[in-house]
Amino acid sequence: MSVLGIGGDHLGAIPAKLQAAGYTSITHVSGRKRNHCMLDIPQQIDCIIVLIDYVSHALMANIKERTRESGKRTVFARRAWSHIEKALSESRG
C-alpha cells in the first residue's frame, strides 16, 4: 500500500515504522510551501496521513475537500507515532 504524509518538515522514524506496518511506498509533502495548498492527490495513493500540528487551516480544508472527492482513506493525527498508529487502526474499521 502507498501512503502520502502531509505536514512536518521531517518525519524522523515514521517512514520506517510505516514500512514495518506494511506500507511499501511513502511520499511526504511538508505543507509549508504556498503551492502545497493546491495539492493534487496522486491516483496511486491508498492512504493519506495528515499531521495536524504541522499544517495550515487552508491546507487542511483543501485536503478534506479533495479526499472527499477522491474517496481515499484519510487519517488525521499528531506527529507522534503512537497517535498515527492509533488513528490508522481506528480508520480500518
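**Reading the sheet, helices and cores**

Leu 4 stands opposite Thr 27 in β2.

Me: What kind of model is this, and how are residues numbered?

Reply: This is a predicted model, with residues numbered from 1 along each chain as its sequence is written. Local features need pLDDT of at least 70, side-chain atom pairs count only at pLDDT 80 or more, totals for chains, interfaces and linings use all residues, and side-chain values use heavy atoms, with hydrogens and water left out.

Me: Which strand order does the sheet have?

Reply: Start with the general idea. Strands of a sheet pair through backbone hydrogen bonds, either parallel or antiparallel. Here, an open sheet of four strands runs in the order β2-β1-β3-β4, with parallel pairing. Strands (E, at least two residues) and helices (H or I, at least four) are DSSP runs, numbered from the N terminus. Two strands pair if DSSP finds at least two bridges between them. Strand β1 (residues 2–6) and β2 pair over five bridges, in the parallel sense.

Me: Which strands stand at the edges?

Reply: β2 (25–29) and β4 do. Each has a single partner strand, so one side of each is left without a neighbour in the sheet. From one strand to the next, the twist averages 20°.

Me: How do I read a helix such as α2?

Reply: An α-helix has 3.6 residues a turn, so residues three or four places apart point the same way. Now take α2 (57–70). Its buried residues are Leu 59, Met 60, Asn 62, Ile 63 and Thr 67. Seen down the axis of α2, they fall within an arc of 165°, so they line one face of the helix. The arc is that of the directions from the helix axis to the C-beta atoms. Buried means under 20% relative accessible area, exposed over 50%, and partly exposed in between (1.4 Å probe, protein chains only). On the other side of α2, His 57, Arg 68 and Glu 69 are exposed.

Me: What do the buried residues of α2 pack against?

Reply: They pack against β1, β3 and β4. Contact means heavy atoms within 4.5 Å.

Me: What comes just after α2?

Reply: Gly 71, with a positive phi of about 75°. This glycine lies in the loop between α2 and β4. At 62% relative accessibility, Gly 71 counts as exposed.

Me: Where does α3 lie?

Reply: α3 lies across β3 and β4, running at about 145° to β4. Axes are lines fitted to C-alpha atoms, for helices over the stretch in contact, and angles run from 0 to 180 degrees between N-to-C directions. The buried residues of α3 are Trp 81, Ile 84, Ala 87 and Leu 88. Down the axis of α3, these fall within an arc of 130°, so they line one face of the helix. Lys 86 and Glu 90 are exposed on the other side of α3. What covers the buried residues of α3 includes α1, β3 and β4.

Me: How many residues has the largest nonpolar core?

Reply: First, the term. A nonpolar core is a set of buried Ala, Val, Leu, Ile, Met, Phe, Trp, Tyr and Cys residues joined through side-chain atoms within 4.5 Å. The largest one has 14 residues. Those with the most contacts inside it are Leu 18, Cys 47, Ile 49, Ile 84 and Leu 88. α1 (14–20), β3 (47–51), β4 (73–77) and α3 (81–91) each give two or more residues to this core. The largest share, four residues, comes from α3. Apart from this core lies another, of 12 residues, among them Ile 6, Ile 41, Leu 59 and Ile 63.
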